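Let's take a walk through a protein model together. Keep the picture open beside the text and find each spot as we get to it.

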Amino acid sequence: MKRRYFLAMAGASLLYPFRGILENTYRSLGLSNDQSSSKKYILINVIEAPARWMFDTILKPTNAHGFVQGKLIPTHFKKTGSAPFDFEYDYGFHEVNGYQFPYMWQFDIPTADGKTTPLSNLAENMFIVRGCDMVLDGHEINNRRLEAPSIGSHSISGLHDANTSPLFGCLSLEGAREAGTAAQAYSSPSTNRTIIKDSTENYIEYLLRPFIERASVNSTIVDKAISEALTSNKDSHIGKKLNSNEQSKKRAANIINQHHQVITREYNDNVKKYQDLINRSIQRTNILGLTDKRVPGLKFPLELKKKFHQSGKAFEKVDYLGAYKEIDYLVLADDVRTMFDTAEIKGLAKQMALAEVSLKYDLTSSININVDCLRNMKTKTTKLEHISMTHEGDVVHFKLKSSDVVENLGLRHNADSHKCGSLTSLLCDTLFWRAMASCTYELTRSLKVASTELWNNSLIHLTTEFEREPGDIDKGSHHGFTGHTSTFLSGAVKKTEVIGNIYTLSHDPTDVSPGCGTWGKAADVKSLGNRKMVYGNISSSISNFLGCETPLPHEKKVFKLKNGKITSLIEAPENKEFMEKNLKTEKAV
Amino acid sequence: MTYAILLFFSITDFSMGKSLFKSSTRTADKFYVYRTLEKVFGESNKSILVKNILNSPELFGGGCLPYNVSMKSEKFDLSDENFEDRCFNNITEIGSPAFVEMSVIRQVKTENTCNEILKDTKNIRHALALVSLSESSPIDLKSVKRTTNLFFYKKKQRETYSKIIVNNQIKTWRDVLLVLCKSPEWQIL
Amino acid sequence: MKIKILLSLFLICISLLSFKSGKKYYLLNEYITESSQEFQNFHRVINLRCANCHSDYTFYTEEDWIEQKFIVPGNPYDSKLFSSLRSSHTGGDEDMPPFLALSEVELETIKKYISGLKSKGTILEIDISFPKIDFPSTEKLSETEVFERCFIQLTGERIAQNSKLFREVENGTTTPAKACYQILKEAKFKNRDFNYSNESLSIKTRDQLHRFHTSWIKDYAYYRSGSTYLSHDIFPMDEAALHLTNVLWNGKHYSELLNSKDTLRPIRSARSKNKIHLFFEGREDFNKLKKSVLGNENIKGKTFPWNPKWLPRGHLVNIEAKKSFQSVQYYVNRDTNVTMYNDGLILDKGLHGANGSQSYILNNIGRDPGEKSNGGLVIPRTWAKKVLQDFMCRKLPVIKVEDALSYVQKNSTIKFRAKSSCMQCHTTIDPMSGAIRHSQVVYTNTTGRTSIHVKFHKETMRSLNDLFPDRDDKFYLRPTKGRFIYRTIMGKLINKEFSSLEDLNKIITSTDDYYTCAASKYFYYMTGISVELENIKQSYGDIDDNSKYLIGEVIALGKKLKAHGDVKQLIRDIIKMEIYKQDNFGDL
């Protein structure tokens, strides 16, 4: 061995004991890859699992993929006539960045400047994971698992907060629904979430008030004395924590006191901005094939041809009239579109407004938003029990039992549309997602404008508990918990991408309506060992992006962050043929 | 030789071994904070304390015992029997941790509570009366030591705060009580 | 040359100095040497076929292979190195090397080498000792300070300094541990003998510790919160915590937590009448709750009126064995695709112990309503995992991968049963879940605002000997047998069959770990220090001295608890500890 080489090796080896110091220097010079402290995670969970097949469940990624159109899986009206039931559905596609997105993506969405932009612009930084089997049924359990996929263990946001020590622990924006939400599953080894209830008038004021109130009291001498006392105990680990809290408190107080007027003003403006976007997305829209023509509601008396189920059993009242149902009510509006003139999504504007300022001013590392569905849709309505049904040969007659059973009510669309018809659901869910798209687009735009680094380090996770399976007849859809979609938006997503496998057509007898069409049911993924993707795969991927521990270390990632870019770790999406061996024997844990 | 050096790297380790424990700050829970402040400053501050302390188990720790509570209506009422045991956010709060770390927000909330309570001189008088003092009592080491006893059970802390208060020439009993109330240390066991 | 020698000596010295302290291990018989032909041949194969990816293997001595647990001397089938090789037919992962399997000759070389080690009689033993820590006297609290601290923790308020007990501690008549123990004794249910406290303080003490118990069994995420609207008012949601509280205040041995045959009935005393369900979301929902029904509202004529009895409200004054139960004739399996039953359902009776209570099973079963266990994919394995977490303080896996090898089912259609890494967890939780295989979650009605319960199916089928069936549709009707496969903290393997939950609980409560877990929980409550329990026999050499000290302390506390069974004495023992008396709990 040459002496020079040997001495070089020996010299290098002598540095080994000092590697700890070297690592710290490396980190302090910003050369370290450890950037989890700057990562932001925003979980937008639309509770009650509305259908997504018209929005971001990509049922046919390309024309080469198999697709069977389901009669109760529409994206728009092929035709609408002037009478009730005189309509035909269709499922349409629109190409976006090489993928076949659903029909609505060809249209524009409102923007904050009062104009519009193509919805397809939202897809630029969109990474869609479809075909995830949630295994267990149920809203609450799946809501919780979105945040904490392993029962009893720490949650994604909780682990992220433990890594980042934010000023405010995960902002839990509960929304109208305070029970069984993702936010409630928050669990962290070291931080607590910050709960902001829907009943709170002004979210930012609630958040900042303690600091503002504190600042309003002139207590220099008191604070000085407390600081002095804490400094005298600075050597113990508790003393260190308290002193560190003092520093953080002063820093936060300075930032907030300097900027709280700006932050508050911006928040208040944002609320108006997002409310305007929501209103324009839902109210008085003129979307071709959906709301460009009058959509007649039910009108009595009504005559329909007698129908039977496949089993031979005669249709009941609800089976005939189901398309116009909103739970217990039937929509009798002369034009169903008018329902949306008063529709609202409660709390969403405040939630998005707070999310925007919190991220821009680095008030938190994670946000959990629970989004409610459309409410206050004022319309003429009656209950099913007020309709009489009589048979006369092949004709079935429906009429109101009396004249005073018609009411003008503000209906709430039940996103968990077991008892909502396809017509009401198509309109409500499409307009709802349009509003979500518009708000999300604005949030992403604001983050981009605020800072490229912030946008690149943020991960917006737009999701629901699961997709929906249409029913066999038109009186409601059901939990498609064997098919879940998670949509991610981030500056780290450099191009539109869709991953995950689904069945073109499932014949699993344990499905609600086997053979009902392509709806998004999870199929095996070769890269995962020929088994279905489960939520643990998604949560491991999220944790990888955030640079924190994953709640389910044994579940492989399906995407990862590499050199600042989110890359898929599984094969390109497939629509698979359902085989006998794929029978859902039961569910795996 | 290179192999020997590499072998050295692989088999020796300057680390001290992995840790199988975690030390959290053993803080007192919301019930202790609530009861202490109520005792020191008087029952008339109940609504302030409920609003700032009891209502925030995520900040102060301590779950709820909903079966203790007898509710008259679905709207929360201070006169409900054992109202302090109510689950303030939702029913799953019953599983909340018994104690949580001392966070910045907790400290800020405590400070604001103290500020709000001590705006009212009645509360100052109430506190001082517990240690046989009044607003006109001189703020000297002996008197201050008695007031520290309202918050601190550790002698070292009582002495530290007494000395600091006197050395800083704090002139009013309000400020003395503010120093003690606002300090996070009395909430740490 | 001199420089080389000096440098080598320097490196050797540094190596020796950095060698981890407290780690003693020895070979019972003679050292294996690397000069043997078998090792040379073995090493050649490793170098050629593994070292490209696993470069460190090149430098492994025989001792390293054994110490790193890659080789079990004399047993290639239990050796992770061999079982991960393709075509080894051991039931292991068999996925190495990733692209091209070893030849038969190469496989045989490795197998022969490992088998040959037995004849050299190598056994590795690790000597475990728990160091003590000398805490500085300057950080020690006075007796009254220690007493104030424990009093606050147990009652949630400060003691009056003119009280009798405080003065006794102050003047040295009693110690802080004894004084707090006195408070605990006087807080027990139905106590009338108050020397140092009173009824009001006792209530506060019981409430304080019940809140700790509810935070210990911390998962109350019912499957569907909507269906718990009535559940919480029919049977207590904190049943498992009630068992803990019962053991504490009714003077039961700690083993009774799981061994109790009774469903518990909380006795409460409210002065005012409660008018509100425990769980409500709004006025609209509450009004709907006023009229309760049973059955299937989707079918006309299939709902029946129902007036369930609500649980009492008020402070907990006692806990008793429940003697009478509520039952209904009709119930449904779920709220969609409904099957209605009319064979009767008891609403509020548990099985056995805290982990067999209605609410513990519901909170932790991890299965959908209506599902029946089939031995394969559908079994309550989440419940088993939570039992290990809540009552043994152990996270999966709790056995070594070698322990799981013989349970790997290479031909199973259930993918995780075919992999040894997955079976390291499933070998424990799958057979353990057999204890509640007969549980099925059901509703009282389909309205979505209903109550949810566990139905326990009667045993009507004979037992099958298959521990891991792929699918057995009658699994839930067979005897509630299973097996408890678990390695203790001290590394001992337990592999015992049980015939019921009662049996399983007896096995659990006979272990030291069960008591060590309780000790660690109360230790955490009193000091804020959480000690992670794992197989320390395996990891002893890797853990730091402070951890060893703390583990030693909780093990010692656990041993005492096992002997006397009294949680109050456990708390007293914690207060007596040196670490408890330190200002910042030792500042570890």
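## Starting on a loop

Where is Lys492(C) found? Lys492(C) sits in the loop between β13 (482-487) and β14 (493-498) of chain C. Strands here are DSSP runs of E with at least two residues, while helices are DSSP runs of H or I with at least four residues, and both are numbered from the N terminus. Lys492(C) counts as exposed because its relative accessibility is 58%. On that scale, buried means under 20% relative accessible area, exposed means over 50%, and partly exposed is in between (1.4 Å probe, protein chains only).

Lys492(C) touches Tyr486(C) and Arg487(C), if you skip residues up to four places away in sequence. A contact means heavy atoms within 4.5 Å. For a sense of distance, Lys492(C) and Glu157(C) are 335 residues apart along the chain, and their C-alpha atoms are separated by 43 Å.

## A note on the model

This is a predicted model, so local features need pLDDT of at least 70 and side-chain atom pairs count only at pLDDT 80 or more, while totals for chains, interfaces and linings use all residues. Residues are numbered from 1 along each chain as its sequence is written, chains are lettered from A and ligands numbered from 1 in the order in which they are written, and side-chain values use heavy atoms, leaving out hydrogens and water.

## Chain C as a whole

Chain C has 22 helices and 15 strands. Of its 588 residues, 59% count as buried. Take the contacts in chain C with a separation of 6 or more: 68% of them come from residues 24 or more positions apart. Chain C exposes about 24,400 Å², with carbon and sulfur atoms supplying 50% of that. Accessible areas come from the Shrake-Rupley method with a 1.4 Å probe, and for residues only the protein chains shown count as cover.

Gln182(C) lies in helix α8 (residues 176-186) and is buried, with a relative accessible area of 19%. Leaving aside neighbours within four places in sequence, Gln182(C) is in contact with Asn195(C) and Tyr196(C). Elsewhere, Met1(C), Ile5(C) and Leu9(C) make a nonpolar surface patch of about 340 Å², and Leu9(C) has its place in helix α1 (residues 2-18). Patches are made of residues with over 30% relative accessible area and no salt bridge, joining like charges within 9 Å and nonpolar side chains (Val, Leu, Ile, Met, Phe, Trp, Tyr) within 5 Å.

## Charged pairs

Side chains of opposite charge can pair when their charged atoms come close. A salt bridge here is a side-chain nitrogen of Lys or Arg within 4 Å of a carboxyl oxygen of Asp or Glu, and by this rule the count over all chains is 62.

One of them joins Glu106(C) and Arg49(C), at 2.8 Å from N to O. This pair links distant parts of the chain, with Glu106(C) in helix α5 (residues 104-117) and Arg49(C) in helix α2 (residues 37-49), 57 residues apart. Glu106(C) is buried, at 12% relative accessible area, whereas Arg49(C) is partly exposed, at 21%.

Lys140(C) and Glu578(C) also meet in a salt bridge (3.9 Å, N to O). Lys140(C) is in the loop between β2 (124-126) and α6 (143-155) and Glu578(C) is in the segment after α22 (567-576), so the pair ties together parts 438 residues apart in sequence. In chain A, a network of salt bridges links Glu48(A), Asp372(A), Arg375(A) and Arg412(A).

## Where C meets B

How many residues does each chain bring to the contact? Chain C gives 75 residues and chain B gives 54. The area buried between them is about 5,700 Å², and carbon and sulfur atoms give 57% of it. Buried area is the accessible area (1.4 Å probe) that two parts lose on being put together, summed over both. There are 6 salt bridges between chain C and chain B, including the one where Lys156(B) meets Asp583(C) (3.5 Å, N to O).

## A hairpin in chain A

In chain A, strands β22 (residues 467-470) and β23 (residues 477-480) run antiparallel and are joined by 4 bridges. Two strands pair if DSSP finds at least two bridges between them. Arg468(A) stands opposite His479(A) in β23(A). The two strands form a hairpin with 6 residues between them, and Gly476(A) in the turn has a positive phi of about 150 degrees.
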